[in-house]
Amino acid sequence: RGRGIIVAPTGSGKALAIALIINSFKVKSLVVVPSLELKTQLTSSLRSQFGKDKVGPIEKNGNTPFLITIENVDALDPKVKPKGVNLLILDEFHSSGASTYQELNKKSWNDIYFRVGMTATPYRNKDEELILLESIISKVVYRLTYKEAVEKKFVTDPRRCWHLIRISPHGTIEFRMFGARREITQIIHWAKLCHELCQNAFSCI
């Protein structure tokens, strides 16, 4: 009934799924992401779908002048409620167990009914975290496994991506960083993708 968690592997088109969800509800929406990098990427993607004048950041006083507001979670103030928002979408929803999300949910988002969480890895095998996450959104309503995503050609078979990583002489897994020096957030993002790549490769065997 307007709430739920969607589980899908990284690279399977969650940005498109977010656009389809927003288009389906047809209400003013707030999309919350865990990093500035993801904010930039998703803003660009949704602007290409809805237009530049329809997508933008939240204002300090809580005003949401755009149909679709995208904001990094660290930029949100729990004391300020987003005005006029009827749909909340949390991208990388597995981060929602953090105390910041819990405080925002209690003080800032309590008037928003429609809620969707997008994630690749919703829980980290902790019963208490499961309870906390479901208290923000609801239960998992759709799940796409990596194997299914590969079969449907939504993502590349991870076994074909081994050129992106290597095993060092010390036995650690290393991944290639293309180009010049990167921001720490980008390095962390690549590390998570590398870890997921290794996990998914074995799940497809």
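Me: How many residues does helix 2 have, and what does it reach from its first C-alpha to its last?
Reply: This is a predicted model. In it, helix 2 covers residues 36–50, which is 15 residues, and spans 20 Å from the first C-alpha to the last. That is close to the 21 Å expected at 1.5 Å a residue.

Me: Which residues of helix 2 are buried?
Reply: They are Glu37, Leu38, Lys39, Leu42, Thr43 and Leu46.

Me: What phi does Gly51 take just after the helix?
Reply: Gly51 has a positive phi of about 105°.

Me: Turning to strand 4, how many of its residues are buried?
Reply: For strand 4, residues 68–72, the count is 5 of 5. Ile68, Ile70 and Asn72 lie on one side, Thr69 and Glu71 on the other, and both faces are covered.

Me: In which sense does strand 2 pair with strand 4, and over how many bridges?
Reply: Strand 2 (residues 29–33) pairs with strand 4 in the parallel sense, over 5 bridges. Val31 has Ile70 as its bridge partner in strand 4.

Me: And over how many bridges does strand 3 pair with strand 4?
Reply: Strand 3, residues 55–56, pairs with strand 4 over 2 bridges, in the parallel sense. There, Gly56 stands opposite Thr69.

Me: Which residues touch the most other members of the largest nonpolar core?
Reply: Ile18, Ile22, Val31, Leu46 and Ile89 do, in a core of 18 residues. Helix 1 (14–25) gives the largest share of this core, 4 residues.

Me: What is Ile22 in contact with, leaving aside neighbours within four places in sequence?
Reply: Ile22 contacts Val27, Ser29, Val31, Leu46, Phe50, Ile68, Leu87 and Ile89. A second, separate core has 17 residues, including Leu30, Leu76, Val85 and Leu88.

Me: Now the aromatic residues: how many pairs does the count come to?
Reply: It comes to 3 aromatic pairs. In one of them, the ring centres of Phe25 and Phe114 are 5.0 Å apart and the planes are at 55°, so the pair is tilted. This pair links distant parts of the chain, since Phe25 in helix 1 and Phe114 in strand 6 are 89 residues apart.

Me: Why is the pair of Tyr113 and Phe114 edge-to-face?
Reply: Because their planes are at 75°, and planes over 60 degrees apart count as edge-to-face. The centres of these two rings are 5.4 Å apart. Phe25, Tyr113 and Phe114 form one aromatic cluster.

Me: What lies over the face of Tyr113?
Reply: Arg3 does, at 4.6 Å from the ring centre. Tyr113 is partly exposed, at 44% relative accessibility.

Methods. Residues numbered from 1 in each chain as written. Predicted model: local features only at pLDDT ≥ 70, side-chain atom pairs only at ≥ 80, totals over all residues. Heavy atoms only, no water. Expected span 1.5 Å × (residues − 1). Buried < 20%, exposed > 50% of the residue type's maximum accessible area, 1.4 Å probe, protein only. Pairing = 2+ DSSP bridges. Core = buried A, V, L, I, M, F, W, Y, C linked by side-chain atoms within 4.5 Å. Contact = heavy atoms within 4.5 Å. Phe/Tyr/Trp six-rings, centres within 6.5 Å; stacked < 30°, edge-to-face > 60°. Lys NZ or Arg CZ within 6 Å of the ring centre and 35° of its normal.
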